[in-house]
Amino acid sequence: MDAAEPGGRSWASMLVCKLWKAISRALFAEFLATGLYVFFGVGSVMRWPTALPSVLQIAITFNLVTAMAVQVTWKASGAHANPAVTLAFLVGSHISLPRAVAYVAAQLVGATVGAALLYGVMPGDIRETLGINVPSPKSSALWLFPSSSLHLKTCLHPYPIS
């Protein structure tokens, strides 16, 4: 017979309750971190008609949202916020396989919810591609031709190298 506390709960049920709280807190932290990362990160690359964001603005946004997500969730889950980081922790034997699978599932759901929220709050004319990368016609570094061949343009050669 299990020893019971005055409240009538056994030690085993209390342990399961504490374990469930810790696991659900960690999974919510991963969900939240990845959702915030996708929402603000992808939101920073949206093509506004009045002013396109610069590479510096996008980089600063991604770095600030990463710092915020890590600061908010590092105690609860280790702030992986990315399936690649979770995989690295798994390969390095810092987390177990079931925990890694649960973290990746929470991260994928968080990323999907973050993208859906961004899609919902963006005006229709701006969210066309939702931040998909498109080569700029003014880019001097890369030229992408319809033949699907990638040509590099350097300062020495005024025309694309074939």
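Predicted model: local features only at pLDDT ≥ 70, side-chain atom pairs only at ≥ 80, totals over all residues.

**Layout of the chain**

I started at the N terminus and read off the element order, which is α-α-α-α-β-β. That comes to four helices and two strands, taken as DSSP runs numbered from the N terminus (helices are H or I with at least four residues, strands are E with at least two).

Residues are numbered from 1 along each chain as its sequence is written, and side-chain values use heavy atoms, with hydrogens and water left out.

I looked up burial next: 20% of the 162 residues count as buried. Buried here is under 20% relative accessible area, exposed is over 50%, and partly exposed is in between (1.4 Å probe, protein chains only). Then contacts, meaning heavy atoms within 4.5 Å. Of the contacts in the chain with a separation of 6 or more, 52% are between residues 24 or more positions apart.

**H1 against H2**

How do H1 and H2 pack? Their axes are 9 Å apart, at an angle of about 175 degrees. Axes are lines fitted to C-alpha atoms, for helices over the stretch in contact, and angles run from 0 to 180 degrees between N-to-C directions. H1 is therefore roughly antiparallel to H2; the cut-offs are under 35 degrees for roughly parallel, over 145 for roughly antiparallel, 65 to 115 for roughly perpendicular, and oblique for the rest.

I listed the contact residues: H1 brings Ala26, Ala29, Ala33, Leu36 and Tyr37, among others, and H2 brings residues including Phe62, Val65, Ala69, Val72 and Thr73. By class, this contact has 14 nonpolar, five polar and two charged residues. Nonpolar covers Ala, Val, Leu, Ile, Met, Phe, Trp, Tyr, Cys and Pro; charged is Asp, Glu, Lys and Arg; the others, Gly among them, are polar.

Is Thr73 buried or exposed? Thr73 sits in H2 and is buried, at 2% relative accessibility. Leaving out residues up to four places away in sequence, Thr73 touches Ala29, Ala33, Gly78 and Ala79.

**Aromatic pairs**

I searched the whole structure and got three aromatic pairs. Rings of Phe, Tyr and Trp (its six-membered ring) pair if their centres lie within 6.5 Å; planes under 30 degrees apart are stacked, over 60 edge-to-face, and the rest tilted. Tyr37 and Phe62 are edge-to-face because their planes stand at 65 degrees, with ring centres 5.5 Å apart. This pair links distant parts of the chain, from Tyr37 in H1 (residues 11-43) to Phe62 in H2 (residues 55-77), 25 residues apart. Tyr37 is partly exposed at 30%, and Phe62 is partly exposed at 24%.

Phe39 and Phe40 have ring centres 5.1 Å apart and planes at 90 degrees, so I logged them as edge-to-face too. Phe39 is partly exposed at 24%, as is Phe40 at 39%.

H3 (residues 83-91) starts with a side-chain oxygen of Asn82 within 3.0 Å of the backbone nitrogen of Ala84. Just after H3, Ser93 has a positive phi of about 60 degrees.

H3 packs on H4 (residues 97-121) at about 175 degrees, axes 9 Å apart, so the two are roughly antiparallel. Pro83, Thr86 and Leu90 meet Leu97, Ala100, Tyr103, Val104 and Gln107.

Conventions
Polar contact = N/O pair within 3.5 Å; in protein donor to acceptor, adjacent residues only side chain to side chain.
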